[in-house]
Amino acid sequence: MADPKPTLADEPSDRDVDRVDSSPEPAIDLPGDIDLAERIIEAGAPATVRRPLPRVIAIANQKGGVGKTTTAVNLGACLAELGYRTLVIDLDPQGNASTGLGINIRALDASMYDVIINDVPLDDCIEGSSVRGLFVAPASLDLAGAEIELVPAFSRELKLRKAVREVRDDYDYILIDCPPSLGLLTVNAFAAASEVLVPIQCEYYALEGLGQLLRNVDLVQRNLNPDLEVSAIVLVMFDARTKLADQVASEVRAHFGDKVLRQVVPRTVRLSEAPSFGQPIITFDPSSRGAIAYRELAKEVSGGAAQRVG
């Protein structure tokens with residue numbers, strides 16, 4: 001007798017998903033060095049502490065596809081919308097932050113490659129954007145070779161710090177979109193920044209590699225930039241339809257407490273579509289859930305920000 005054809009009842013239902021999510025398996029893959037990560041993150045002040053302007057924030061996570069560039073572009077746009085003069089530095093050779101802000105990276109007179117390798121002033125490569133008050137220092141494909149070219153360079157870890165110092169007082173916020181690696185470009189970003197913001201996706205392997213990232217932060221603190229701190233963690237790619245997302249968010253908050261920002265960024269199609277149109281989400285779809293989330297995130301990051309010193 002032939003097997004009966006499957007019916008709709010055989011298809012996985014939402015209840016099946018809930019049963020999987022509520023199984024005794026851990027909600028998140030916790031790395032063995034989670035205690036070290038906690039100590040390094042907790043060494044700084046809480047995310048809500050009032051910090052003076054200008055602020056230089058490296059947005060970093062060595063994993064790819066975890067929302068670094070999406071956060072750099074959209075947080076930058078929302079800070080500019082709030083009235084803060086903001087610069088996004090694209091330090092990722094893929095140049096996604098640049099193209100996401102409408103820059104043609106194949107038609108640049110100067111890029112971050114020239115700043116890092118040829119000591120071109122940062123001001124010479126800065127471009128405007130469609131958002132008033134938001135500027136971008138674009139990457140080019142040449143930046144992919146910068147890691148190798150930096151190896152024999154004098155003061156190779158401090159190239160970006162020197163460049164940023166020349167324009168620092170022209171902006172309220174400077175956001176550095178780091179590459180998904182822990183090489184010399186990321187070390188340059190850590191040496192130039194005063195803060196590190198870490199996007200963490202609400203998925204099973206959320207904290208994978210976080211320990212090594214934070215060890216690098218610790219090394220830069222002790223050897224190059226004692227003022228550097230992990231100022232905030234932001235939960236991104238939150239899918240409210242699954243219990244796993246809630247469990248991961250709860251686990252991250254349990255480990256890192258007041259360093260985790262209250263606002264979470266949902267996983268949405270519109271956030272994924274916006275870069276292909278060269279726009280941040282607030283101009284691409286101003287009323288979308290992604291736009292609302294990043295506006296609230298910008299308020300939280302800047303909330304009660306102290307005025308410039310001096």
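Arg295 is partly exposed, with a relative accessible area of 22%. Here buried means under 20%, exposed means over 50%, and partly exposed lies in between (1.4 Å probe, protein chains only). The model is predicted: local features need pLDDT of at least 70, side-chain atom pairs count only at pLDDT 80 or more, and totals for chains, interfaces and linings use all residues. Residues are numbered from 1 along each chain as its sequence is written, and side-chain values use heavy atoms, without hydrogens or water.

Arg295 takes part in a salt bridge with Glu81. The closest N and O atoms of this pair are 2.8 Å apart. Glu81 belongs to helix H3 (residues 68-81) and Arg295 to helix H13, so the bridge links distant parts of the chain, 214 residues apart. Glu81 is partly exposed, at 42% relative accessibility. Helices (H or I, at least four residues) and strands (E, at least two) are DSSP runs, numbered from the N terminus.

Helix H13 covers residues 289-302. Its 14 residues should span 20 Å at 1.5 Å a residue, and its end C-alpha atoms are 20 Å apart, which agrees. The expected span is 1.5 Å times one less than the number of residues. The buried residues of H13 are Gly290, Ala291, Ala293, Tyr294, Leu297, Ala298, Glu300, Val301 and Ser302.

The count of salt bridges comes to 13. Each has a side-chain nitrogen of Lys or Arg within 4 Å of a carboxyl oxygen of Asp or Glu. One of them joins the side chains of Glu229 and Arg51, at 3.1 Å from N to O. This pair links distant parts of the chain, 178 residues apart. Glu229 sits in strand E7 (residues 229-236), and Arg51 in the loop between helix H2 (34-42) and strand E1 (55-59). Both partners are buried: Glu229 has a relative accessible area of 18%, and Arg51 has 7%.

A further salt bridge pairs Glu203 with Arg267, with the closest N and O atoms 2.2 Å apart. Glu203 lies in the loop between strand E6 (195-201) and helix H9 (210-223). Arg267 lies in the loop between helix H10 (243-256) and helix H11 (269-273), so the pair ties together parts 64 residues apart in sequence. Glu203 is partly exposed, at 31% relative accessible area. Arg267 is also partly exposed, at 41%. Elsewhere, salt bridges with shared partners join Arg270, Glu273 and Asp285 into one network.

Negative charge also gathers on the surface. Asp123, Asp124, Glu166, Asp169 and Asp170 form a patch there. Patch residues have over 30% relative accessible area and no salt bridge; like charges are joined within 9 Å, nonpolar side chains (Val, Leu, Ile, Met, Phe, Trp, Tyr) within 5 Å. Asp124 occupies the loop between helix H5 (112-118) and strand E3 (127-128). Asp124 is exposed, at 53% relative accessibility.

Leu53 and Pro54 are joined by a cis peptide bond, with omega about 0°. Pro54 falls in the loop between H2 and E1. Ser155, a residue other than glycine, has a positive phi near 50°. Ser155 is in the loop between helix H6 (146-150) and helix H7 (159-165), and is partly exposed at 32% relative accessibility. Met237, again not a glycine, has a positive phi near 55°. Met237 lies in the loop between E7 and H10. Met237 is buried, with a relative accessible area of 19%.

Notes. Accessible areas come from the Shrake-Rupley method with a 1.4 Å probe; for residues, only the protein chains shown count as cover. Lys and Arg count as positive and Asp and Glu as negative; His and the chain ends are not counted. The place of a charge is taken as NZ of Lys, CZ of Arg, CG of Asp or CD of Glu.
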